[in-house]
Amino acid sequence: MVMKVELLGALDYAKLKEILKGIVGDSEEELAFVDEIIEAIEQLEKAERAIKVAAAGGLSNFKGNVFDKISSVRAEDYDEVVAFIKRVLKLGHDSITDHDYLLFAIQDVSPVIEQTIIAERFSSFTIKSRRLVDFSKAGFYVPDFHDKNGNILPNNEELKDIYTNYMQGLFNKYADFLGVGIEPEDARFVLPYCYNSNIIMGVDAHALKDMIIKYTKTHLSKIQELREFGWRLYEIAKKHVPYIIDEIDKTPYQETDSVRDFIDERVGDKIPDYDFMAKPVMLNKPQNVDDYILIYALMRRYNIELDQAKKVLEEMSEEDPNFKTDLMRKIIKEGDGLELKQVNFEFQIPQSFAVLTHLTRHRTHPIMAQEFVPNPNLEYYITPPAIQAKCAKEFDEVFTNNKIMYDMFKNEYGVCEEDLVYFTLSGNLSHTVTNLDGGTLKHILGLRECPKAQWETQAMARGLHEELDKLEGAEIFSSIIGPNCKITGVCRERKSCGLVNKYKENEEVQTGDNKVLAKAPESEINK
């Protein structure tokens, strides 16, 4: 299967063409007229997007209102509009391109591309679910195989045959697990990182420019599929957002990761062999979380200084011992969350590649995931509880044999690491570092501590909450947040687990006791 990347316009031009053909007829002259109409509409759509960007570029010094400015830029002057945008960009005002938003349909790309675009926090994305869909017939990506200098190996075709047969065997094993009653959400842990994914991605022109540079002008371009994807985006941008092309073209190619080079040169063999944590760890511990959330609520509403708000909080707490808890509950359950966003928690989280997107899809937090090169340690993986109970031996054999095959391609055949990224299995483990503000943490725990959430994400959320429970000065905040049914008193699942009824019935739970939280099944981290 071949990668397909298309820009989704405001209209489906193929459908529009069929409609117009049905109206005007199908003679050669009439069909040519339809083509002219379609081309004119496409050009108008492109011009209208550029007009908004140009209007933004000229608005700050414009004497009239915003609508006057927009109407002053004419679609028929498209070339002049593009030239003006380029002049503004050369002055460094590239934020104006944030206003040109593009929507892409991306077919048959591997999770290597998926994971890389997810790292762009200014993009939005919807991805075909591996929890719910059978991927045994999804197909997979087959790269060319290069040596460490980037040259295609003489036995490339032979290696592609070996690789194809091996990867098909992994998909067959995935199908075998489905055949013995393992659900797709657990069977997917043996899927290699070459399987075909399908994505709808939204991105503004500013982020698109950065994305194209990243995939075509940096060390990531050594991964063949990422480079191909980057150039597909470039060709689309050249036609539809031409004003970002100069910035891309003038960016020099950086062959290596200079930070990695510096570390390798200075640190060398001091990097220890790593082991995987069993659960999330809070890296930086904020102070007095409860008090500051409440203080921010006072500052915001009464426009008072920090010290004044502290004094008010102290006085109210002396008058009413329940004031802090009552106010925190009001903020969490009925507020807009702005006070919660002022406190931040940094975590390192161990998780499988299979559920990495469960965390990264919450785009309100910065996230630092492991890069593909150097490749992750394939000896570490997680075993789903259902597989542990039914076919653990077969599952372990998949990961053992995968490491053997990876070593053979790397050491015996001399394949570069960039081409070996597809040997990563979805059940292999990675450490992720992320900074969660209080609002995002509340949101993630609300979804992931739900007993209906995927078991590994439940364990992750529970680990985050346990770290929060240990944080001195955050007791009230930690006691009130949790699964959404705990906060809202409403279950939104199609079939309730019944936990919401316990919250309604048990007054102790209403004050924030976490003891009744349903526990996710324990999994095993293997090496």
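Predicted model: local features only at pLDDT ≥ 70, side-chain atom pairs only at ≥ 80, totals over all residues.
Colleague: Why is Cys-416 called buried?

Modeller: Its relative accessible area is 7%. Buried means under 20%, exposed over 50%, and partly exposed in between, with a 1.4 Å probe and protein chains only. Cys-416 therefore counts as buried, and Cys-485, at 12%, is buried as well.

Colleague: What makes the pair of Phe-135 and Tyr-195 edge-to-face?

Modeller: Rings of Phe, Tyr and Trp (its six-membered ring) pair if their centres lie within 6.5 Å; planes under 30 degrees apart are stacked, over 60 edge-to-face, and the rest tilted. The structure holds 24 such pairs. For Phe-135 and Tyr-195 the centres are 5.6 Å apart and the planes stand at 80°, so the pair is edge-to-face. Phe-135 lies in the loop between β3 (124-127) and α6 (156-179), and Tyr-195 in the loop between α7 (184-187) and β4 (197-204), so the contact ties together parts 60 residues apart in sequence. Helices (H or I, at least four residues) and strands (E, at least two) are DSSP runs, numbered from the N terminus. Both Phe-135 and Tyr-195 are buried.

Colleague: Why is the pair of Tyr-292 and Tyr-296 called tilted?

Modeller: The ring centres are 5.8 Å apart and the planes at 35°, so the pair is tilted. Tyr-292 and Tyr-296 are four residues apart in helix α12 (residues 289-302), about one helical turn. Tyr-292 has 24% relative accessibility and counts as partly exposed; Tyr-296 is also partly exposed, at 24%.

Colleague: How do you know that Lys-128 lies over the face of Phe-135?

Modeller: The distance from the ring centre is 5.7 Å. The rule asks for NZ of Lys or CZ of Arg within 6 Å of the ring centre and within 35 degrees of the ring normal. Lys-128 is accordingly listed over the face of Phe-135.

Colleague: Is Leu-8 buried, partly exposed or exposed, and what is the value?

Modeller: Leu-8 is partly exposed, with a relative accessible area of 35%. Its place is in strand β1 (residues 4-8).

Terms used:
Residues numbered from 1 in each chain as written. Heavy atoms only, no water.
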